[in-house]
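Please read them alongside the model.

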Amino acid sequence: MSERTARTPLTGQENRKRIFIRLIIAIAAISILAAAAVIAYRYTHPLRLQSTTVEHELMEPFDPWENVKDIYFGGRDDVKVHSETNTGQIGDYPVTYTCRGKKYNVTVQVRDTTPPTLKVHPYTTDLTEEVKPEQFAGKATDVTPVTLSFKGEVPDREGTFDITVLATDTSGNRTEKTASFTRVKDTEAPALQGIDDVELLQGQTCDFNQGVTVTDDLDPQPQFSVNADQVDFTVPGTYEVTYTVKDRSGNEAALTRKVTVKEDKNYNRKIVYLTFDDGPSDNTERVLDILKEYNVKATFFVTGNNPKKNGVLKRIVQEGSVIGLHTYTHDYAKVYSSEEAYFDDLKKISDMVKEVTGTESHIIRFPGGSSNVVSAKYTPGLMTVLTQKVQDKGYQYFDWNCDSTDASGNNVPVETLVKNATSCTAKHINILMHDTDAKDTTVEALPQIIQYYRDRGYAFEPLTVDSATVHHKVNN
C-alpha cells in the first residue's frame, strides 16, 4: 500500500501572503516591461519638442533650440537643426530637427502682434488749416510702417477739444491716444525781418529777397511778395521797395524798405578788374612783373596754402595792387562745414595778411564763388547765410562776370585763355584767373588780355569794398 503524504491546509494568513508576493512579482514584471518599452521608444524617438507650431513675434530674434524640451540618451551634438526662418518678414517657415536618423518638422509662424507706440502732444491752429494727424504725433514707432489717422471728425470751429489719434501698423495692430486740440481766430498779420534800409553805389545791384524772413504766429508758410519796380540801380536817388505779406487766414500787411543809390564817379568809366585766385606762388611774381611793365593794378585773392611765398604779399601791396581773402585752407569740406567754420577760416587768412603786410583786407571771394553748390553737400543753405553775414560784418564779396577758364585744367592753351578772357563787353569787367604754380599759360596770356582791353579804352583798377559788385545767383 503506497504511502500518501498528508498536506497540511494553508491558513488564511499564509494564503494572503502568497497572493501578495505573486502580485508584487507581477507588478515588478509589468514595470520592467513598461520601462523597457519607454526606453525603447525614447531611443527610437530621441527628441521631444515644445510644439510643432511655434508662434514668433516679427523682428524678434529666433532660437530654434528654445523649442527643444528634451534630448534622450544624447546631447546637442546629436541634433542637427535646419531653419529657414526670416524673422524680418511675416510668414510661415519650416524648421527641421534631425536626431539619430529621426526627423521632426516644425512650422514657425512669424507674426506681428505688437501695436505701435504712440506719443501725442497738444496742437493749436487757426480756423482754416486742414489738420493732419501727424501734427499731433510727437512719436509713432513700430517694426512696420505706421499709418496715422483720426478717430471721428476734426472740429473746424473755435474752441478746445479732445481729439483721438490712431496709429495702425501694416498688420492692423492699433494704438490710440487722445490729445488736446485748439482752434483760434487768427487776426494778426505776418511779420517781416531783414528789411533794413539799404545803401548801394550806382551800378551795384541787390537781391531784395535775400536775408528776408517772414513769420506768422499760426501759419508756418505765409506768403510774401516784393515790388522793386521803382528801383533804378543806374540812377542815384532814394527809392522804396514794397513787401506784401499774407497768411492763410487772409491777414495782410504791406511794409516798405528804403533803398538809396549813391552816385559812383566811376560808374560811366570802363574798368577791368584783373583778379587772381589761389596764390601766392612763383607765378605771382611773374604776374606782378607784367603788371608793372604795363602799369596796371590787379587783385589777388590769396590762401594760406603756400606760406613760403608769403613775402610776395608785401610786394603786391607796395606796388599798388590789392589783396583779397579767398580762404586759409581752400578745403571745401572744412570751410563749408558750418557758418562758424567759415568765419574761423576767414579770420585765419585775415590775420595772416595783416601780419605779413600790415594792412587789413575787407574783400572776399568764396571758394567756388557765391553760386557754388558743393557747399550744400556739407551745410544746406549755408551760402544764403554767408553772403549776408559777410556784408553785415563789413566785408564785400566779389564773384566774376568774365572767366578765363584757366580753372578747367593746367596748361590750357594761351589762345584759349585770351579768347575767353577778352569775350566780355560789360562796362565793369571782373576777370577770373589763377596764379598758382601750375598756371604758366595764364601768365603767358596776360599781356594780350591787358592790351586788348587797353586798346578799347578800359582802365585797370584793383577792387575795393566800393567797387561795382558782381554777385552770382546764390544756389545754396
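1. Phenylalanine 276 has phenylalanine 300, in β20, as its bridge partner. Strand β19 (residues 271–277) and β20 run parallel and are joined by three bridges; two strands count as paired if DSSP finds at least two bridges between them. Helices (H or I, at least four residues) and strands (E, at least two) are DSSP runs, numbered from the N terminus.

2. The model is a predicted one, in which local features need pLDDT of at least 70 and side-chain atom pairs count only at pLDDT 80 or more, whereas totals for chains, interfaces and linings use all residues. Residues are numbered from 1 along each chain as its sequence is written, and side-chain values use heavy atoms, with hydrogens and water left out.

3. Strand β20 (residues 299–302) is covered on both faces. Thr299 and Phe301 are buried on one side, and Phe300 and Val302 are buried on the other. Buried means under 20% relative accessible area, exposed over 50%, and partly exposed in between (1.4 Å probe, protein chains only). In a regular strand, side chains alternate between the two faces of the sheet.

4. Helix α2 (residues 282–294) packs against helix α9 (residues 440–455) at an angle of about 20°, with the axes 10 Å apart. Axes are lines fitted to C-alpha atoms, for helices over the stretch in contact, and angles run from 0 to 180 degrees between N-to-C directions. The two helices are therefore roughly parallel to each other (angles under 35 degrees; over 145 is roughly antiparallel, 65 to 115 roughly perpendicular and the rest oblique). Among the α2 residues that meet α9 are Val287, Ile290 and Leu291. The residues of this contact divide into eight nonpolar, two polar and four charged (nonpolar: Ala, Val, Leu, Ile, Met, Phe, Trp, Tyr, Cys and Pro; charged: Asp, Glu, Lys and Arg; polar: the others, Gly among them).

5. Helix α8 (residues 414–421) also packs with α9, at an angle of about 40° and with the axes 9 Å apart. Val414, Leu417, Val418 and Ala421 of α8 meet α9 residues including Ala445, Ile449 and Tyr453.

6. Alanine 167 lies in strand β11 (residues 159–169) and is buried, with a relative accessible area of 0%. Leucine 148 is 19 residues from alanine 167 in sequence, yet their C-alpha atoms are 4.7 Å apart. Beyond neighbours within four places in sequence, alanine 167 is in contact (heavy atoms within 4.5 Å) with residues including Pro116, Leu118 and Leu148.
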